[in-house]
Amino acid sequence: MNAAPAPTPTTTTARSRGPKRWALAALAVAVLLVACASAVAWLNRWGEAPLPEGDGPPSAPPAARSVARGEYLARAGNCMACHTEAGGAPFAGGRGIETPFGTVYSTNLTPDPDTGLGRWSAGAFWRALHHGRSRDGRLLYPAFPYPSYTHVTREDADAIYDYLRSLPPVRQPARPHALEFPYGTQTALAVWRAMFFRPGGLAPEADRPAEWNRGRYLVQGLGHCAACHAPRNALGATRDAAGLRGGLIPVQNWYAPALDTVHEAGVADWPVEEVVALLRDGVAPRGTVTGPMAEVVFRSTQYLDDADLRAIAAYLRALPGGEPQGRRPTPPQPPKAAMEQGAALYARHCAQCHGDDGRGRPGAFPPLAGNRAVLLDTPVNVVRTILQGGYPPVTAGHPRPHGMPPFTQVISDDEVAAVATYVRNAWGNRAPGVATMDVYRARERRGR
Amino acid sequence: MPAPMDSAFGPTPAAAAAPRPSRARRQPPRGMASHLFLCLRSRVAGRLLLVAAAAVGWAGVAMAQGQGPAQGLPGATAVPASPAPFSPAVDPGMADRVIACTACHGREGRATQQGYFPRIAGKPAGYLYHQLLHFRDGRRSYPQMSYLLEHMTDGYLREIAGYFAALELPYAPPPPPQAAPPALERGRRLVHEGDAARGIPACVQCHGAAMTGVQPAIPALVGLPRDYLNSQIGAWQTGQRRSHAPDCMARVARQLTAEDVSAVSAWLAAQPVPGTGKPAAQAPGPLPMPCGGVEASARGDAP
């Protein structure tokens, strides 16, 4: 029959002080949360006016001229690439865009009233591009590259709107996104936007030529080059979008090389005509596009007019072209055994097209000696190319390209590593060797 | 989403700006490599002759078909007689352009029955063309194929199909049968007689009495690996492989049990390819059911 011991004086004091402290702490946290929430809410409404009452599409059909201009601009923005499923109706959406946070499905841009843009006004469309907000007020996922499209002018947005309104309506409901918690919530999106997104617009720089300004508008705005060619942080936001310093495309796991150094994909030392040819035809004397850039040329840049291509070239050529920051020291010579294994594999599988001397065959098979794409610090592109092969895009200027076989079924990961190490270190090439694990990561699309 | 795979000529910007490689550099490599090179050269020449011969032959077949009477019975689907307009003139440079296909489909596109991948050399041009479209547009699913074809136009795919269709190359003998005699007999009976009670037509009704396919859109069933046949019929059953509507093969495949599928595949894979293996000019009779792929090919159009 033991009674509970009487509390000591010390315990009593602690008990009476504790709740007070907790209350204060809770109050401070609550105040902080409210402040943060207000800041997030306020930042998400920055510079944005609500849509007018009874907002909707105009009753008159769009003017033919605006439709034609809009079609051209929609190509420049490559809207169709994401908003069309393989083999699906153009612009009807449904393509899955894989992100590290889950899959976002593109929406239907045809003028169907229930499942597409049929009830949207030009103002609502502009708000989506400029502010990243849907007609119903929901925030949009930045897989839709509005951090770039925010620079698109109202006039251009209106023309694209007119073009989309001229398309045949397709009834195709949007697929719900498959995002992991908490990324699928509007709150998470609002916080992300408060941290990383501000509505933009590009005022022309008066001391630069008009051509450069036009190029900057196309590269940073509709072209949304930074979506791939700029590095991303852990939350998927592009860092220093204007810098185009290169980045690993999340999930796709291709490295979009830097456009600001001639060691990667910079064109500071290319003639304008060659830059134009690369974007228009997919092939130029010093380079061929494959990988995800093939899609950009195939669906977008091959349709741009000469003046716009020259403007893009002018802008890209004016980017700093020199040594990137923190450039690696010369990598060590890879082990002799790996080079010997690689050389034997090369002779068997590669030399027929790329030549014993790695010089390729002009007009058909690219050289590997001195090839910037082969020598990138990250081996992911060269490994992916060996595994998957590939064709440059078929364009009017390059209608019958040569292609490379996929070797994923032919040689093992060990062998891919050896041959990749070899081509990165033969004929005067020098780049870090490739390990079997690099090949595994590239094949499984696991990033680095 | 963009990312260029850039391939620069020359090791440095200065070298890149230098004139084209000198003649010395363009000469064939020496030693063993030079033998290989010369072999390739002569093989290419031989191949070109074959291609030219095949092209002439194909043109003949095409013309004959154009003149052939259209068949048709009430309630049955007529076999379209006009071939898709494939150019019989094959560009000699095509062999190099389609080298990407050969890692899996074998040198000159003649994979044998030993592995998984199907032979493509000598298949009907319309059939090959539609398969290329299907892979590009997601009606057939094989990531390597879709990736290679993603940024190709209908015109180039048609040319590639025409190139492989025109190749006339010998077939290897089949591997030994990979099933027990009762299963093989079940397969043989389904292929030759079908099963009317279950609404399964005989394979030979569409794919030709010799099972070497029918111009321009029906493929051969012989000369293919068992695993490939199994997986294709399975893919039709699950909807992973599709054709133009009405999708006759999907309809047939869904009538087959798992035992039927493995019996048919095992029997077909063990058959030698008769004669030259060329597709027949026309089916033995009217098709037992409408086939969207055959009709699309007759129209010569893409979906």
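Q: Before we start, when are two residues in contact?
A: Two residues are in contact if their C-beta atoms, placed from the backbone, lie within 7 Å.

Q: And what kind of model is this?
A: This is a predicted model, where local features need pLDDT of at least 70, side-chain atom pairs count only at pLDDT 80 or more, and totals for chains, interfaces and linings use all residues. Residues are numbered from 1 along each chain as its sequence is written, while chains are lettered from A and ligands numbered from 1 in the order in which they are written.

Q: OK. How many residues of chain A are in contact with chain B?
A: 62 residues of chain A are, and they meet 38 residues of chain B.

Q: Which element of chain A gives the most to that side?
A: Helix H11 (292-299). H11(A) supplies six residues. Other elements giving two or more include helix H9 (226-229), strand E5 (255-256) and helix H16 (380-388) of chain A. Helices (H or I, at least four residues) and strands (E, at least two) are DSSP runs, numbered from the N terminus.

Q: How do the residues on that side divide?
A: Into 35 nonpolar, 20 polar and seven charged. Ala, Val, Leu, Ile, Met, Phe, Trp, Tyr, Cys and Pro count as nonpolar, Asp, Glu, Lys and Arg as charged, and the others, Gly among them, as polar.

Q: New topic. What domains is chain A divided into?
A: Domain 1 (64-196), domain 2 (210-317) and domain 3 (336-443). The bounds come from an automatic or database domain assignment.

Q: What separates the centres of domain 1 and domain 2 of chain A?
A: 22 Å, taken over C-alpha atoms. The contact takes 19 residues from domain 1 of chain A and 22 residues from domain 2 of chain A.

Q: How does the domain 1 side divide?
A: There are 12 nonpolar, five polar and two charged residues on the side of domain 1 of chain A that touches domain 2 of chain A. Strand E1 (96-99) of chain A supplies at least two residues there.

Q: Which sheet is E1 of chain A in?
A: An open, antiparallel one of three strands, in the order E1-E2-E3 (chain A). E1 and strand E3 (178-179) of chain A are the edge strands. Two strands pair if DSSP finds at least two bridges between them. E1(A) and strand E2 (residues 102-105) of chain A pair over four bridges.

Q: Last one: how many helices and strands does chain A have?
A: Chain A has 18 helices and seven strands. Its C-alpha trace spans about 90 × 75 × 45 Å along its principal axes.
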